[in-house]
Amino acid sequence: MTAVVLPGLMAFALLTAVAHDQSVALPGLLGPGTSLLFLMNVVPLVITGTLTHSLAQRLPEAEAMGARSVHRYDTVLVLLTVAASTATAWSVGHLSHSAAATEAGRNTLFLVGLALLGGAVRPQLATVAPVTWVFVTAFAGYRDFRRPWPWAVTLHPAGYPPTFLLCLAVLAGGLAALTRTRRPL
């Protein structure tokens, strides 16, 4: 499992350090003008992709035997990966005075939770749900330039406590779904 997750964490750290505060103007679908997509909104997909790939490498026979608590190991892997990526984003954000880098850590909480919830419904959704969320919010998440809709939580500013609490709740829901699902992600 760590053969995939550790390189993913290193890629996340490198992209966070290099691409913070970089943005791309995209056409808005719901409002006039353009939307601004910070590259930090896309960087958490590195973590969701590596985690979902790692969790998909399950062995159903070993889990059915019950000799080891595989769900517990999976939960610890998710928590350690999310903690490392969030700490990395927070560190880069504070050292570089970049709110966008700090947002990448918060968005990782939300997108990993969304991936776990999606994987509990259907295994393919574990990878597709976070990617879809990022691109839907990129094109339809703004009312106008720099004013996101309330549902577009990954576009909210870094220091907004309700958004952070929602992201934590989605991660907690994803972890609960991970421990209770028998299907491989």
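1. Asn107 is buried, at a relative accessible area of 1%. Buried means under 20% relative accessible area, exposed means over 50%, and partly exposed lies in between (1.4 Å probe, protein chains only). Asn107 is part of helix α5. Leaving out residues up to four places away in sequence, Asn107 touches Asn41, Pro44, Val153 and Thr154. Contact here means heavy atoms within 4.5 Å.

2. A word on the model. It is predicted: local features need pLDDT of at least 70, side-chain atom pairs count only at pLDDT 80 or more, and totals for chains, interfaces and linings use all residues. Residues are numbered from 1 along each chain as its sequence is written, and side-chain values use heavy atoms, with hydrogens and water left out.

3. The overall layout comes next. The protein has seven helices and four strands. Helices (H or I, at least four residues) and strands (E, at least two) are DSSP runs, numbered from the N terminus. Their order from the N terminus is α-β-β-α-α-α-α-α-β-β-α. Of the 185 residues in the protein, 45% are buried. Among contacts with a separation of 6 or more, 65% come from residues 24 or more positions apart.

4. Thr108 also sits in helix α5. Is Thr108 buried or exposed? Its relative accessibility is 0%, so Thr108 counts as buried. A polar atom of the Thr108 side chain lies 2.7 Å from the backbone oxygen of Ala104. For reference, a polar contact is a pair of N or O atoms within 3.5 Å; within protein, one must be able to donate a hydrogen and the other to accept it, and residues adjacent in sequence count only if both atoms are side-chain atoms. Beyond its neighbours within four places in sequence, Thr108 is in contact with Phe12, Pro44, Ile47 and Ser85.

5. Now the nonpolar core. The largest one has 31 residues. Such a core is a set of buried Ala, Val, Leu, Ile, Met, Phe, Trp, Tyr and Cys residues joined through side-chain atoms within 4.5 Å. Val78, Phe110, Val112 and Leu116 have the most contacts inside the largest core. At least two residues of this core come from each of α1 (2-19), α2 (44-55), α4 (70-96), α5, α6 and α7. Helix α5 gives the most, with eight residues.

6. Which aromatic rings pair up? The whole structure holds two aromatic pairs. Rings of Phe, Tyr and Trp (its six-membered ring) pair if their centres lie within 6.5 Å; planes under 30 degrees apart count as stacked, over 60 as edge-to-face and the rest as tilted. Phe110 and Trp133 have ring centres 5.1 Å apart and planes at 55 degrees, so this pair is tilted. The pair links distant parts of the chain, with Phe110 in helix α5 (residues 99-121) and Trp133 in helix α6 (residues 125-140), 23 residues apart. Phe110 is buried, at 6% relative accessible area. Trp133 counts as partly exposed, at 21% relative accessibility.

7. The other pair is Trp133 with Trp151. Their ring centres are 6.0 Å apart and their planes stand at 90 degrees, so the pair is edge-to-face. Trp133 lies in helix α6 and Trp151 in the loop between β4 (147-148) and α7 (161-180), so the pair ties together parts 18 residues apart in sequence. Trp151 is partly exposed, with a relative accessible area of 36%.

8. Ala126 is buried, with a relative accessible area of 1%. C-alpha to C-alpha, Ala126 and Leu111 are 9.9 Å apart in space, and they are 15 residues apart in sequence.

9. His97 deserves a look. Where is His97? It lies in the loop between α4 and α5. His97 has a positive phi of about 55 degrees, although it is not a glycine. Most residues other than glycine have a negative phi. At 71% relative accessibility, His97 counts as exposed.
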